[in-house]
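The questions below go through one structure step by step. Each is answered from the coordinates.

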Amino acid sequence: MTTLNPTIERVTERIIRRSEETRKIHLERMRTAASKGPARAHLSCSGQAHAYAAAGEDQSKLAQGSAGNLGIVTTYNDILSAHQPFERFPELIKAAVREVGGTAQVAGGVPAMCDGVTQGEAGMELSLFSRDVIALAASVALSHNTFDAAVFLGVCDKIVPGLVIAAQAFGHLPAVFLPAGPMTSGLANDEKAKVRQEFAAGECGRDKLMAAEMAAYHGPGTCTFYGTANTNQMLMEFMGLHLPGASFVTPNTPLRDALTRHGAQRALSLSALGNDYTPVCDILDEKAFVNGIVGLNATGGSTNLLIHLVAMARAGGIILDWQDFSEISDVTPLMARVYPNGLADVNHFHAAGGLGYMIGNLLQNGYLHRDTKTVAGEGLEHYTKDPVYADGSLTWENGPEESLNDKILRPASDPFQPTGGLKRMTGSLGTAVMKVSAVAPENRVVEAPARVFADQAEVKAAFKAGKLTEDVVVVVRFQGPKANGMPELHSLTPLLSICQGRGQKVALVTDGRMSGASGKVPAAIHVSPEAVDGGPIARIRDGDILRVDGEAGTLDVLADIDDRPDAQADLSAAQWGTGRELFATFRNTVGAASDGASIFGA
């Protein structure tokens, strides 16, 4: 058997030691909850009648307590293309569990927002906070305590992390995460990006831009670039909460429906009513999170997960820090090139061998813990297999042992680059992260004068006025979680790409976030401490020389700024409108980005 990479082993052991007390408390709480079991049989007759009143043909089974009951937590809405397919899932799930003598109820629907809709808009300032709202809402759904197991229907950016946080609050229950899959491939992502740049430069009209966008985002399913939503799906396989091979099967197909039905049955089979009890708290241990971090780096995944994984882990008593990510990145080979890190989309990646090939190859080369518990059974080896649906039967077959397209997917022994896609940045400006996998090597180091802005609107105005024509490090501050909810600044990507395309040296430094779809321009993001907390970013002035070094992982101002007063910003406009006034408590209590930017604390 292959020996585990020594750095992966060392980081895992450090996380276990660091988390010893908090993990012990979490597991003790979960064992206590498990010992009490569902309250279904202990409810008053009136309480039970309320719970079963709308259960139709399942009423008698529920009243008799003779069958396992599956709770469905759904994030269905039809403004998110990725979530629209969930409309059909509850009936598929209910029919599937009836076949094995069980019952299922929709425990609750939780909100889900689309970052693609809110980019550059006020609603984006609620995006990060929506993760914790989702966790709270899912917890309310399961608080009826009448379920033996749960399935979570979710895909997109903040939704899966929020659902994982909730699943760990109910970590004594087994749970299977059921995805909807990516939309079929439309206009190539690089062609879409080209039209966006043309529009930002005034070289085409809105009609051409609209046609390109509609050709790219054209049907049900997840956006096909490798941003946060698809990174979430990868993580759920690496961490053992999806069925093997479930992530990138397109919606409304026989295979997708078969996976949904089997996932529901599998969740119920893992309950304490049977002999294969496997609760979430036993699946999501320290090794599972390390496997997730390896997957994040091997695929060149979204920077948003450096925030979300920290918050997800803490919900289970596991304490991660960005140094863990950095050390794992330093030894993890980048095996995939998927847009924005390449030209392929996730459908092309899946066809090239996908996660089954990647997990198998990483296992063979000692980069993953193979002895983890998963919803598919003991051991990560289950995730080297691909699902096949034929003649009305779902089976799993061995996945490919060789990449089917080495321009998209390569073995760990011959990667696109020897280190992972994410870089921790440290220096006199604090701590930040950069997605280096999407940045060409010649653009990873920028030393240039700063231009300082308080929001992205100011950057756009300066660009339109022709004020960003020289080498520049664009600093956008007061964009952290406490300032205004830490919005994504992805709408700056086209204009900064234009600057880069003109031959300028250009970089972005911000205490805000960038979309998982961002690339090309080096961006030191999630700067901590944030400006509103008095971080050094609050003392930068126009003209200060900044050095952003994505190779060395350093972020510095080449001047003495310690004695300068902190800049102040009028944040009143970010405190009301589009529901933002209701989130004042979140802004006042949220933790730092490096701690997961959560309202739930450590």
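**Backbone, sheets and cores**

Q: Does H526 count as buried or exposed, and at what relative accessibility?
A: The model is a predicted one. Buried is the term for residues under 20% relative accessible area. H526 is therefore classed as buried, its relative accessibility being 0%.

Q: Where is H526 found, and what is its phi?
A: Most residues other than glycine have a negative phi. H526 is not a glycine, yet its phi is positive. The residue is found in strand 14, and its phi is about 60°.

Q: Is D391, which also has a positive phi, buried or exposed?
A: D391 is not a glycine and has a phi of about 55°. It is found in the loop between strand 7 (385–390) and strand 8 (393–398). Exposed requires over 50% relative accessible area. D391 has 84%, so this residue counts as exposed.

Q: What is the order of the open sheet of four strands, and which strands are at its edges?
A: The pairing in this sheet is parallel, and the order is 2-1-3-4. Neighbouring strands are turned by 25° against each other on average, direction ignored. An edge strand pairs on one side only, which here applies to strand 2 (103–109) and strand 4 (175–178).

Q: How many bridges join strand 3 to strand 1, and how many join strand 3 to strand 4?
A: Strand 3 (residues 149–153) pairs with strand 4 in the parallel sense; among the pairs, F152 has F177 as its bridge partner and L153 stands opposite L178. Strand 1 also pairs with strand 3 in the parallel sense, with L70 opposite A149. The number of bridges is five with strand 1 and four with strand 4.

Q: Why is strand 3 described as largely enclosed by the rest of the structure?
A: In a regular strand the side chains alternate between the two faces of the sheet. In strand 3, A149, V151 and L153 are buried on one side, and A150 and F152 are buried on the other. Strand 3 is largely enclosed because its buried residues number five of five.

Q: Which helix packs on the sheet, touching strand 1, strand 2, strand 3 and strand 4?
A: The direction of this helix makes about 150° with that of strand 3. It spans residues 254–269 and is helix 12.

Q: Which residues touch the most other members of the largest nonpolar core?
A: This core has 138 residues. Its largest share, eight residues, comes from helix 15 (residues 305–314). The residues touching the most other members are L70, I93, L309 and L320.

Q: How do helix 14 and helix 15 run, roughly parallel or roughly antiparallel?
A: The axes of helix 14 (residues 286–299) and helix 15 come within 11 Å and cross at roughly 175°. Angles over 145 degrees count as roughly antiparallel. Helix 14 is therefore roughly antiparallel to helix 15.

Q: Which residues of helix 14 and helix 15 make the contact?
A: By class, the contact has eight nonpolar, no polar and no charged residues. Helix 15 is mostly covered, with nine of its 10 residues buried. The contact is made by F289, I293 and L296 of helix 14 and by L305, L306, L309, M312 and A313 of helix 15.

Q: Which residue in the turn between strand 15 and strand 16 has a positive phi?
A: Strand 15 and strand 16 (residues 554–557) pair in the antiparallel sense over four bridges, with R547 opposite D556. They form a hairpin with four residues between them. The residue with a positive phi, about 75°, is G553.

Technical notes:
Residues numbered from 1 in each chain as written. Predicted model: local features only at pLDDT ≥ 70, side-chain atom pairs only at ≥ 80, totals over all residues. Heavy atoms only, no water. Core = buried A, V, L, I, M, F, W, Y, C linked by side-chain atoms within 4.5 Å. Buried < 20%, exposed > 50% of the residue type's maximum accessible area, 1.4 Å probe, protein only. Helix = DSSP H or I, 4+ residues; strand = E, 2+ residues; numbered from the N terminus. Axes fitted to C-alpha atoms, helices over the stretch in contact; angles between N-to-C directions. Parallel < 35°, antiparallel > 145°, perpendicular 65-115°, else oblique. Contact = heavy atoms within 4.5 Å. Nonpolar A, V, L, I, M, F, W, Y, C, P; charged D, E, K, R; others polar. Pairing = 2+ DSSP bridges.
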